[in-house]
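Notebook open. I want to go through the salt bridges, the nonpolar cores and a surface patch, in that order.

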Amino acid sequence: MNLNQLHYFVTLAHIEHYTRAAEMLSITQPSLSHAISMLEQELETNLFEKRGRNVVLTKYGKVFLEYVEEALKILDSGVKKTRALTSDTGGVIDLAYIFTLGSVFVPQLVGGFLKEHEDWDVNFRFSVGNTTEIIQGLKEEKYDIALCSRKEKESGIDFVPIAKEKLVVVVPRDHELAGRGSVDLKETLLYPQVYFTKNSGLRPVIDQLFEQTGGTPKIAYEILEDASMAGLVAENFGIAVMPEIPILKNLNVDVLDIENPPYERYIYMAKLKEKYLAPVVKEFIEYVKESNGKAL
């Protein structure tokens, strides 16, 4: 068997249709059929079976797919690392970041890096998610670098603070607290709140703030993503403690500073310890460190 056959097999396994898989692979359907047939002959088993107009993996095909995808992943990693060793000014940076950084912070950070290295051949692949998802992806080596909250008990990951993030109380424009400019967090305990879910990196930060008030917030709804949270507040589902994201300026909400308790909320750059990094990734890491101290 060869690499082409394995790539064809994986594609067909996911598409489950010979014609569409062939189109995606930019080959003819007979060529794809022949490649799969040769692969099945070599393995002496059927990898696919017909289901209507589609094909699906047999139980043996499912077993084989697991090993093929792992092998291709390892091979792809080897190719990337080998290519990176031959160039100090080119490569791909896999960057993951939390939702709040997507509209301004990351575009400005990456834009500044590319402008400073405009004669380099650098490409970025972006992924967005919550801190829990991102840290898991980092450990699985899906990403080179992550910009997220800090997670405890992650001894294999370096967390470097790179920016402060301002938290605010967001209320509907017609709310009792609207127009105040600032508020003691203890005063918000009277009102239903739209709150971050437990797998959000911000959840423990905000929980700790409320612990300092000596009270417990009335959680009406839980949600993961900041922009959706702001939208719910604008439609009177509750108030919220959240980062001061740009979309707030365009919604029917009022933004209040937190007078008390005092807090410091940091965004961190996370990377695996003792992990191979391409030269361009290392250069970007240094650039991010030099940008340390920016407020979001």
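This is a predicted model: local features need pLDDT of at least 70, side-chain atom pairs count only at pLDDT 80 or more; totals for chains, interfaces and linings use all residues.

Which residue forms a salt bridge with Glu-187? I looked it up, and the partner is Arg-180, with the closest N and O atoms 2.9 Å apart. My rule for a salt bridge is a side-chain nitrogen of Lys or Arg within 4 Å of a carboxyl oxygen of Asp or Glu.

Residues are numbered from 1 along each chain as its sequence is written, and side-chain values use heavy atoms, with hydrogens and water left out.

**Salt bridges**

I get 14 salt bridges by this rule. For burial I use relative accessible area (buried is under 20%, exposed over 50%, partly exposed in between; 1.4 Å probe, protein chains only). Glu-187 is partly exposed at 29%, and Arg-180 is partly exposed at 39%.

Next I checked Arg-125, which forms a salt bridge with Asp-94 at 2.7 Å between the closest N and O atoms. Arg-125 sits in strand E4 and Asp-94 in strand E3, so this pair ties together parts 31 residues apart in sequence. Helices (H or I, at least four residues) and strands (E, at least two) are DSSP runs, numbered from the N terminus. Arg-125 is partly exposed at 43%, whereas Asp-94 is buried at 6%.

Then I looked at Glu-286 and Lys-289, whose side chains meet in a salt bridge at 3.8 Å, N to O. Both lie in helix H9, 3 residues apart, about one turn of the helix. I also found Lys-166, Glu-244 and Asp-257 joined into one network by salt bridges that share partners.

**Cores**

A nonpolar core here is a set of buried Ala, Val, Leu, Ile, Met, Phe, Trp, Tyr and Cys residues joined through side-chain atoms within 4.5 Å. The largest has 38 residues, and Ile-93, Leu-95, Leu-147 and Phe-284 touch the most other members. Helix H9 gives the most to this core, with 6 residues. Apart from it lies another core of 31 residues, among them Val-168 and Met-242.

**Surface**

Last, I found a nonpolar surface patch of about 220 Å², made by Leu-3, Leu-75 and Val-79. Patch members have over 30% relative accessible area and no salt bridge; like charges are joined within 9 Å, nonpolar side chains (Val, Leu, Ile, Met, Phe, Trp, Tyr) within 5 Å. Areas come from the Shrake-Rupley method with a 1.4 Å probe, and for residues only the protein chains shown count as cover. Leu-75 is in helix H4 (residues 59-85) and is partly exposed at 39%.
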